[in-house]
Amino acid sequence: MTKKRKHQEDFQKVKLKVGKKKPKLENATDTTFKTKAIQIPEQLKEDGVLPTQNRKLNIKDLLSQMHHYSPGIKHNALLGLKDLLSQYPFVIDAHLSNIISEVAAVFTDKDSGVRGAAVHLLQFLASKIRAEQIAPFFPLVSAHLSSAMTHISEGIQEDSLKVLDVLLEAYPALLTDRSIILLKNFVELISHQQLSKRLKSREKLSWMLSVNPNRRVTSQQWRLNVLTRLKKFLQAVVDGSSEIEDEGLQEQKDSPHSVRNPICISWKVHANNQQHIQLFENGGLQPKINSSFRLRSLVSVMDSAEKGLSSAENLKGFIEIIIPLLIECWIEASPAQSAHILGNLLESESQQLMQQVLSIIHLLWKLTKRHDETYKMELWLRMNYLVDFKHYFMRHFPYSLQETVKHKKKDSCKGNKYCMTSSNSVDHLLLNLTLCDIMVSLASTATLQMDSGWLDMIRKFVTDTLQDGSKLNSKQVNRLLGVTWRLMQIQQNKVATEPLIKAVYTLYQQRNLLFPVRTLLLKFFSRVYQKEDLRTQRISRSKVLSRWLAGLPQQLALLGLKNPELSNQLIDIIHSAASRSNKELLQSLQATAARLYDPLEGALVLLPAEAQRRLVQLVYFLPCLPASLLACLSRCCIMGRMSSDLAATLIGILHMRSSFAGWKCQVQDNSVNDVDYFSFLFSTLIGFSRKELTDLQGIRGKPHISQTQLSPVRLYLTDLDQFLHHWAVTEMICHSLSTIPSQSQCFDILQTGICKYLVGLVVIPDSTAGSVLCAINKLLDQACILSENLHRFLASCCYSLLYFLLTLDKEDAEHVQKRDMLWGSCISALALLPRLLRLMLQSLQVSRICQEELPVVAQLLRLLMQHGQLRSHMITNEFLVQQIIKDIMTLKSGEVQEQWLTDLHYCFNIYLASHPQGPGPMNAVY
């Protein structure tokens, strides 16, 4: 076989025959399968469904345009971002990282319009983003801000201050964490480094103010803008420091009443394990430490750069740089650079710059007081800067604002061609006070002779300002009183302090003072009195201070409810002085007591509960408690305008002031007369005045009167709140009466009072009737003898109360709550006084009553027979009970016997007829 033949055999062609199917190929595809579509709508979504703004651009489109070279496109992108984020705030959380990074990047953009739009967008974002959300990205924001502040372009530097304003307003704590870097940026904005000839050997650089003629504002205005932001930044450092509480704690230690919170303990509640008593007021989750001792801060292991101004070294270094620059700014703005005729008059812009200079120094002084070595820091400040401060700051002290003449329109001045106007945006008084505050912090008792010259200038300025201070605001007064206090600490003798206290008192006597101003003055006087009273008696003997203390009770009486907060402050100060037995204040308090405790218009009934409690405590310190004052206090207790617990506290205080308190030591003579004390107890027990009881005698009929034909006493139904209050007070009165040693004499006094003022009245309040029975039950013993009139009166009261309770409608929720208390008093009285039960049974003459009252009498007899405490007494009065039942049967003989009558027969057979001593009552009845 040849090779060609073999080759053909390998590739033989298949011959197809007509009429037969074509054979399937080996690689043929089977097309018999079926397919179905799979719907995945969420995965098919694209970026086109993201929220868009009016130009149909979403967040990714707008952020990508931030990198465009065209300022117009970037400006429009920023505006579009603000529009989009305002419509869809939820986009901020999803794209926060990208938004922050892109917005911060354009802080240093060359175009001013882009930077302005970035500031507006940042301001919008600050209102939407919380501090904890932006905290992870804040280092990036701070880096871009530092880059803008140190940029070579003046416009970028100016706009960086606007960014700083937004961040200081929204995130002061985050911004102050990087204080060292930003403080250096502030310095570089107004100065530049220069090698000093004196310090060339040490290779140190000094700083000097820079002047840039290319700026749109003057150099002075630029420095003012920078220093204003620096002041805000330092204020944020002061406010946000974890250790800045030291200054406030110092004030709190000087004024103990402002931080000591009394613990109110209810022993009844505590006995039931329902009240937790915290013994230490500074305990808890966030204790306040009233101690100058501090453990070493945890940040001490950090680098000095990371600690910022909390490090004494960093603070000293910044002070050494900034103070010379501030002095240079002061020199440029001081009156010495102006015309000689101006003297110490300042222009508005100059004063603003000088105010910022002093404010910055004042804040730096505050920061120095945080450190453990405060005394060494004060010595260092005095040694380095006192000479310069005296030479430059005190040369033209005090400073005043120069008024400028401006042309006004006719309609605005109404005919005047020229008007004198002055800028209201600056405060020359605050400038002087800040300077005073800085200077007095550098003085001390040891340096008094060396500093007497400029201290006398400050003392004269403070005194004059206080004496003419009717228009001072709270910020000025606060700074003024701080300087005054410091001056008093430097020179602690009556000759120096008395004029200052007198000047403050002159301001205090001004009418129509603002509430914050009045509060500051009160705190100042209280601080002076309490601190000096503990340490020495010099200031406390001041006539001015004594006059101020003596006027406090009268001011409280006049103030009343007009200003509850101010009234609370007055009460606290009065209480503090009264507890120290201040003679002048106690005399004034005694003279004003009748007005303070007036039951209608006194401060006791007008002020809130906490103030009422403090006023009640003041009763303990009153030198004398006359009958008229006790009458007012009794009315306050029973009128319901203070709580029953507080009324009980007042009763307890009066008991402690009485001769029955059981004091082993001698108490003040004639503080509370025994007769007046018993009059107070009896009047409070009755709960109504004589006039009110007289007016009640004319009331007739329901719903206010409950009456029965079998008792001469009709009940006046009091409101539930009044009843409960009266009952709570009654329990305390009964407790006070039970502690009196001679119970028989006490009972005789109570019996005399009841017979004199209550017996013979036709209408008696239900609370009064119940209170009288409660007191009788509490005081009654074997030695007590009741008069016949009292017996009959109590029997009438018992039946009237029992009749009221038995006829009470169950749906009357208000009076239903009285049932247990009144029922218990009546049953206890009947059990203690067998004659009282007999008199009440004798009064049940059923022949005189109507048919409707018969079931009530039957129910009463049945309940009395069933009561265990009264069973023996009812057996004793078996004949009376039998006679009453017989009379009832006589009246009901011609009728069908009702269920209540059957129940009465049954109870009589069970409890009385079965008793061996008596005859068969049922036979007698039937």
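Visitor: How many residues has helix H11, and what makes its reach close to the expected one?

Guide: This is a predicted model, where local features need pLDDT of at least 70, side-chain atom pairs count only at pLDDT 80 or more, and totals for chains, interfaces and linings use all residues. Residues are numbered from 1 along each chain as its sequence is written, and side-chain values use heavy atoms, with hydrogens and water left out. Helix H11 (residues 179–190) has 12 residues. Its first and last C-alpha are 17 Å apart, close to the 16 Å expected at 1.5 Å a residue. The expected span is 1.5 Å times one less than the number of residues.

Visitor: What counts as a helix or a strand here, and how many are there in the chain?

Guide: Both are DSSP runs numbered from the N terminus: helices are H or I with at least four residues, strands E with at least two. The chain comes to 45 helices and nine strands.

Visitor: What is Leu455 in contact with, leaving aside neighbours within four places in sequence?

Guide: Contact means heavy atoms within 4.5 Å. By that test, Leu455 touches Val440, Ala443, Leu448, Leu487 and Ile490. Leu487 is 32 residues from Leu455 along the chain, yet their C-alpha atoms are separated by 8.2 Å.

Visitor: Why is H34 called oblique to H39?

Guide: Helix H34 (residues 720–738) and helix H39 (residues 819–832) pack at about 45°, with axes 11 Å apart. Angles under 35 degrees count as roughly parallel, over 145 as roughly antiparallel, 65 to 115 as roughly perpendicular and the rest as oblique. Therefore H34 is oblique to H39. Axes are lines fitted to C-alpha atoms, for helices over the stretch in contact, and angles run from 0 to 180 degrees between N-to-C directions.

Visitor: Which residues make that contact between H34 and H39?

Guide: H34 brings Phe723, Leu724 and Trp727; H39 brings Met821, Leu822 and Ser825. By class, five are nonpolar, one is polar and none is charged. Nonpolar covers Ala, Val, Leu, Ile, Met, Phe, Trp, Tyr, Cys and Pro; charged covers Asp, Glu, Lys and Arg; the others, Gly among them, are polar.
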